[in-house]
Amino acid sequence: MTATATTPGSSRHGDEPLLSVRDLRVTFTRQGEDPFTAVDGVSFDVRPGQTVGLVGESGCGKSVTSLAIMGLLPARGNRVEGTATFEGTDLLTLAKDKMRDRRGRDIAMIFQDPLSSLNPVVPIGRQVTEVLERHKSMSRKAATPVARELLDRVGIPDPDRRLTDYPHQLSGGMRQRALIAMALACEPRLLIADEPTTALDVTIQAQILGLLKELVTESGTALVMITHDLGVVAGLCDEVNVLYGGRIVERGRRHELFASPRHPYTTGLLASIPRLDGARGAPLTPIPGSVADNLPWEHACAFAPRCSQPVDRCTEQSPELEHDDGGRALRCFNPVEATS
Amino acid sequence: MTTTAEPTDAAATDGPADDARAHDDGDLLVDARGVKVHFPIKRGVVFDKVVGHVYAVDGVDLRIRKGETYGLVGESGCGKSTLGKAILGLEPPTDGSVVIDGTDVASLKGEELRKRRKDFQMVFQDPMSSLDPRQSVESLLVEGMKAHGLASDDKATASRLRELLKAVGLPAAALKKYPHEFSGGQRQRIGIARALAVEPKLIVADEPVSALDVSVQAQVINLLEDLQDEFELTYLVVAHDLAVVRHISDRIGVMYLGGLVEEAGADDLYAQPLHPYTRALLSAVPVPDPTREDEREQILLVGDLPSPSKPPPGCRFHTRCPWRQETRCDDERPQLRVLEIDGVPSSHRVACHWAEDIESGKIQPHHVDPTATEQDLREEQDAPHAVGDVEEAVQYQHGGHGAGS
């Protein structure tokens with residue numbers, strides 16, 4: 001409630017999108033192998049102060065989407081098509097040095113495993129000041145108090161002493177906070193968080209999610225949240241995109257999506273997770289099969305072999321993402337009946 | 001190793017509450033008392049000198065009845081996996097006894113222990129690293145049967161293998177395949193079939209579904225439940241995911257820093273968590289329901305888990321507890337006890353001095369200074385040269401321990 005209420009609700013309708021991704025397609029090619037399309041025509045918008053969630057299981061293309069937007073995919077072996085317009089500039093065609101300028105300043109990213117994203121032989125404070133020196137042309141001396149301020153802001157106790165600590169001296173939660181401090185150093189307008197709490201314990205996860213929520217509401221940063229955890233999405237994201245096999249299969253505002261999921265994959269996901277609320281003991285309803293059973297999107301619905309209610313069309317024709325007026329979108333020939 | 005067949009010490013500390021429980025525990029399969037697993041921290045250039053211990057499991061009593069599923073939850077580093085291994089004798093306990101079906105496993109060694117292992121098997125978290133990539137599924141399954149003399153008749157073995165695969169939902173053609181040819185969920189099925197192959201009574205499952213995708217998780221959870229009914233198995237499920245544990249378990253034990261802080265039936269625990277740590281833990285789990293998420297009242301814990309090599313004195317949780325009361329929490333380690341609250345069954349036990357007062361609202365939560373827990377951690381890192389005192393010297397372990405956590 002707090003997140004959405006204080007987030008400029010009007011901005012969702014009025015403001016121009018900060019980031020606008022259109023028909024993003026990432027194809028990995030390897031010699032002697034068939035090209036593999038990891039992301040297959042993904043489009044979404046992110047507005048200032050808005051949190052957009054990309055949800056799906058491993059292999060659905062959610063991480064590749066974020067890496068493509070950030071220009072962090074390896075230089076060879078892949079083809080990126082489509083556009084990702086950030087304030088009028090297409091990030092996907094931007095020259096390397098221009099992109100490097102933007103990354104860290106306008107757009108920042110935090111990753112799942114903070115230990116492998118931090119430099120193990122450089123103190124935390126130095127890693128934060130480095131960002132400021134690079135993008136804000138500050139001297140190291142001038143940047144240190146700013147770094148201290150940042151560590152304090154993300155809730156690291158005793159930041160003065162932590163400045164000189166190395167990553168291994170911090171706990172997992174503290175490392176993730178340090179990483180967030182680095183990402184925030186230049187007050188980016190867009191933050192991409194790729195499974196930021198997956199490696200953390202649940203009590204620490206609660207701390208980090210609280211911190212991210214605060215950031216979005218206080219500074220109006222736009223947040224793209226990539227996760228497999230529907231619980232995290234339910235509490236944090238204004239808009240939720242459910243991905244399957246590289247395509248968005250359902251989209252909606254969080255209350256509407258969770259109240260009335262329409263795509264059989266979304267309902268299947270919700271039915272297959274044990275929950276802390278509600279009655280215990282009823283057997284779970286898993287989604288049968290695995291991602292390996294997917295059909296190619298070109299002339300079928302990839303989810304059809306695992307679907308609970310497929311019709312003939314599902315294996316003959318590729319469903320399109322149909323939008324309605326209320327911000328909902330659905331890619332399905334035979335959706336689950338709306339419950340409300 | 002001072003393992004005693006008659007667990008006098010552990011029983012004495014338990015008090016009258018334990019006696020009351022003993023009556024309805026006619027058919028215990030596992031009776032672990034006072035289990036401690038301490039890992040020595042060694043240091044030295046020429047000679048290894050023990051400079052301290054990691055108190056991974058520090059005095060846990062655990063009783064599992066036949067046919068039930070006992071869930072062990074806690075955050076990383078709380079010792080839940082080590083306790084699971086200690087019960088199987090994979091990690092010999094430093095102290096305490098583990099009686100499985102009438103035999104004290106902790107005192108068994110070598111060949112005798114190996115033979116007894118037929119009765120208790122383990123399912124691991126990551127099926128890719130717990131299945132030998134060079135062994136076919138058939139060879140993986142037969143290996144254990146051979147080791148326990150169950151594969152003497154080829155024909156019977158072949159039909160047993162088919163039976164096993166059918167039970168875990170794999171096609172018979174899977175026998176000739178290798179682990180890499182399967183998906184994660186299927187691999188976990190192979191791991192479960194391997195554990196089942198020797199007809200065990202107890203299966204310890206360490207994070208059986210946490211490496212799997214959500215949609216596949218449910219398949220494996222349902223499978224574990226079906227198999228329990230079919231083969232009358234007893235489970236000890238070790239997991240960090242509270243929703244999974246609640247779903248699968250009959251009784252649940254919550255661990256914090258090497259000790260059980262609360263134990264109760266699954267429904268009782270989630271309906272009325274009574275230990276401050278359990279309350280915080282349950283309140284931190286996100287629920288896939290936006291309306292509930294917006295209303296959810298969180299008890300945010302500050303700081304991190306203290307190092308298990310230097311657990312805080314008194315109640316292990318007092319450094320982060322919002323309900324901590326001066327001196328008693330700092331000095332006296334609470335034991336699991338039945339509370340004097342109406343409607344709380346005697347099977348619901350809590351290790352907290354103030355659980356009644358917290359439940360009645362007599363004690364209100366207060367602010368916890370995060371630097372208090374932090375500075376403890378810092379001192380440990382900053383003063384590694386304090387000599388003479390083993391407690392102080394524990395800091396030496398930092399590098400080694402950090403890599404493992």
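Reader: Which residues of strand E6 (residues 107–110) of chain A are buried on each side?
Author: Ile107(A) and Met109(A) are buried on one side, Ala108(A) and Ile110(A) on the other. Buried means under 20% relative accessible area, exposed over 50%, partly exposed in between (1.4 Å probe, protein chains only). Strands are DSSP runs of E, at least two residues; helices are runs of H or I, at least four; both are numbered from the N terminus.

Author: Some ground rules. This is a predicted model: local features need pLDDT of at least 70, side-chain atom pairs count only at pLDDT 80 or more, and totals for chains, interfaces and linings use all residues. Residues are numbered from 1 along each chain as its sequence is written, chains are lettered from A and ligands numbered from 1 in the order in which they are written, and side-chain values use heavy atoms, leaving out hydrogens and water.

Reader: What does E6(A) pair with?
Author: Strand E7 (residues 190–194) of chain A, in the parallel sense, over four bridges. Two strands pair if DSSP finds at least two bridges between them. Met109(A) has Ile192(A) as its bridge partner.

Reader: How many bridges join E1(A) to E2(A)?
Author: Eight, and the two strands run antiparallel. Thr27(A) stands opposite Thr37(A) in E2(A).

Reader: Switching to chain B. Why is H8(B) called largely enclosed?
Author: Because ten of its 13 residues are buried. Among them are Gly185(B), Arg187(B) and Leu196(B).

Reader: And what do the buried residues of H8(B) pack against?
Author: Several elements of chain B, including strand E6 (120–123) and helix H9 (214–231). Contact here means heavy atoms within 4.5 Å.
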